[in-house]
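Biologist: I'd like to learn how to read charge pairs in a model. Can you walk me through it?

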Amino acid sequence: MSLPLTHAGMTDRCLRLAKIIADELVRRQKPDGDFVLPDFYGKAFACALWSGLDRDQYHRQITRAQIALQREIPDKTYHREFIEYALLSMPGISASARRAILKNARNQNPDVANWQILQLRNRQANTSAAFSRLSASLHRCFIRMRYWRSDLFLDRPGCFSAQYHAFCAALLSQSANRTDQALARKATHLIATICQNHGYANLAGRGAGQSFGAVCAFYVLLKYGFHDAADAVLYRIEDAMLNAATLPLNLLAPCPVPENPGPTNRLTPGWYGYNRHDDYLAFGGYWLLQAAGLSPETPQSTPTNHPHQTRMLFTTTSAHYDAQMLLSGARIFDVTPAPVIVSGKGSGAMLLFPPTGGEQDQPSLYVPATIPLPAPRDGTVARFITATCQSDRRVVVTFQLAGTTGQRIIDFDDTEIRIADSCDERLSPKPDLLRVLITADAKLNRVSDTELAIAQTGIRLTCDQPIVVDDKDAFTVAGPAQRITAPKTNNATLIIGWENRQND
């Protein structure tokens with residue numbers, strides 16, 4: 001890592017990053033107070049960031065942003081909960097100035113955990129009256145019943161996202177309520193298990209790989225003393241900023257912001273229709289500044305290497321890799337038909353099988369071809385039905401293909417992962433199986449019709465059927481990819497094997 005592993009060292013690093021982001025926001029602000037790109041809540045978080053760093057130094061920018069915020073007309077896209085939270089976190093702003101900006105606009109109140117917890121935190125910050133305390137208590141009970149499942153926060157009912165789990169934990173960790181603190185601490189244990197020491201904080205679910213979730217994960221990991229995991233996440237943030245010359249929206253594919261960023265631009269993988277660069281830039285700077293102000297807590301124990309299982313999330317780890325899968329959800333982007341695999345350990349770890357699919361109910365770069373499931377010859381893709389853990393080391397996925405049911409069995413051993421696809425023998429013509437996506441950074445060398453090698457990592461991919469590699473419409477959250485397919489067959493088993501080599 002870039003500096004000695006101490007709490008003070010990490011807070012110095014994130015304060016430096018917060019200042020870099022604050023100055024970039026100054027350059028991106030136009031004379032009318034808006035940013036170069038449209039934003040939902042970026043101006044409010046920028047004000048909180050600038051005020052927290054040096055209100056006098058950034059006085060002009062804060063004034064311009066507040067005037068621009070007052071000028072906004074609340075509509076169905078108005079992120080009131082986010083804006084109010086940022087304003088309540090802003091040193092020096094008066095209650096009348098907040099009211100002038102919010103204009104008595106109603107909360108959006110969507111059925112989403114992080115928005116609900118934002119409402120709770122705003123209510124807690126606004127008043128301590130007895131009625132408000134009662135209202136907050138009832139709201140807390142509602143949130144726990146609807147969105148909390150043992151050690152994870154749901155994104156939406158029935159759906160998990162590591163990104164929004166981290167945001168919920170970060171919000172509740174700031175509460176003075178003991179129950180909120182207990183939930184935040186327990187949620188952070190899961191974040192530490194997901195991160196291990198490779199620092200990829202949010203590879204599962206909506207918003208995979210985005211800076212939004214990474215900064216929140218870093219905040220709670222540092223707050224609750226998971227120093228190894230926090231340092232690993234901070235390294236990923238620093239590395240992405242070095243490569244992109246900014247805090248990129250997507251840490252897995254860091255690049256400078258193009259003139260026309262968005263879900264139709266192949267230079268911006270991981271972006272969906274509602275993403276805004278300046279929102280995430282200001283949001284990231286705010287949480288890094290909050291992290292810089294944390295007092296050290298007693299370090300927590302290192303996460304265990306035992307598999308983590310719920311009905312929704314499966315994780316496992318070995319000396320050679322970490323893997324995770326989402327087993328249920330409302331949409332295809334909420335589940336993981338093929339495992340997300342991080343090969344190696346520490347800062348040298350490589351994202352081998354990146355998160356796939358996008359938010360198909362929002363404009364995005366993702367098409368059916370990006371779903372890593374078998375496909376019949378007509379070009380459609382199998383429909384995901386269920387995924388279940390049959391043991392600590394086995395996940396079974398059921399899919400529907402051309403009116404029949406197929407199965408994918410994934411076994412996780414210490415030195416290999418086996419993905420076995422099977423479908424109805426009566427299907428004609430025979431479909432293409434596997435269709436798993438591997439990062440374009442992995443240099444695949446053809447050994448034979450049934451075997452591929454990645455020399456620099458000591459990984460071999462072996463199949464019991466001939467396999468082909470292509471990159472047509474092969475796209476993941478980490479950008480362009482390579483697709484490995486076993487064509488025209490009813491059964492195929494792919495083995496990803498590590499030849500007793502570790503990346504420490």
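**Reading the salt bridges**

Modeller: Let's start with a group: Asp 34, Asp 39, Lys 43, Arg 71 and Glu 72 are joined in a network of salt bridges. The model is predicted, so local features need pLDDT of at least 70 and side-chain atom pairs pLDDT 80 or more, while totals for chains, interfaces and linings use all residues. Residues are numbered from 1 along each chain as its sequence is written, and side-chain values use heavy atoms, leaving out hydrogens and water.

Biologist: What is a salt bridge here, and how many does the structure hold?

Modeller: Side chains of opposite charge can pair when their charged atoms come close. The cut-off is a side-chain nitrogen of Lys or Arg within 4 Å of a carboxyl oxygen of Asp or Glu. The structure holds 26 of them.

Biologist: Which residue pairs with Glu 238?

Modeller: Arg 16, with the closest N and O atoms 3.5 Å apart. Glu 238 sits in helix α11 (residues 227–244) and Arg 16 in helix α1 (residues 7–28), 222 residues apart. Helices here are DSSP runs of H or I, at least four residues, and strands are runs of E, at least two, numbered from the N terminus.

Biologist: Is Glu 238 buried or exposed?

Modeller: Glu 238 is buried, at 12% relative accessible area, whereas Arg 16 is partly exposed at 44%. Buried means under 20%, exposed over 50%, partly exposed in between (1.4 Å probe, protein chains only).

Biologist: What about Asp 180?

Modeller: Asp 180 bridges to Arg 140, with the closest N and O atoms 2.8 Å apart. Asp 180 is in helix α9 (residues 178–195) and Arg 140 in helix α7 (residues 130–147), so the pair ties together parts 40 residues apart in sequence. Both Asp 180 and Arg 140 are buried.
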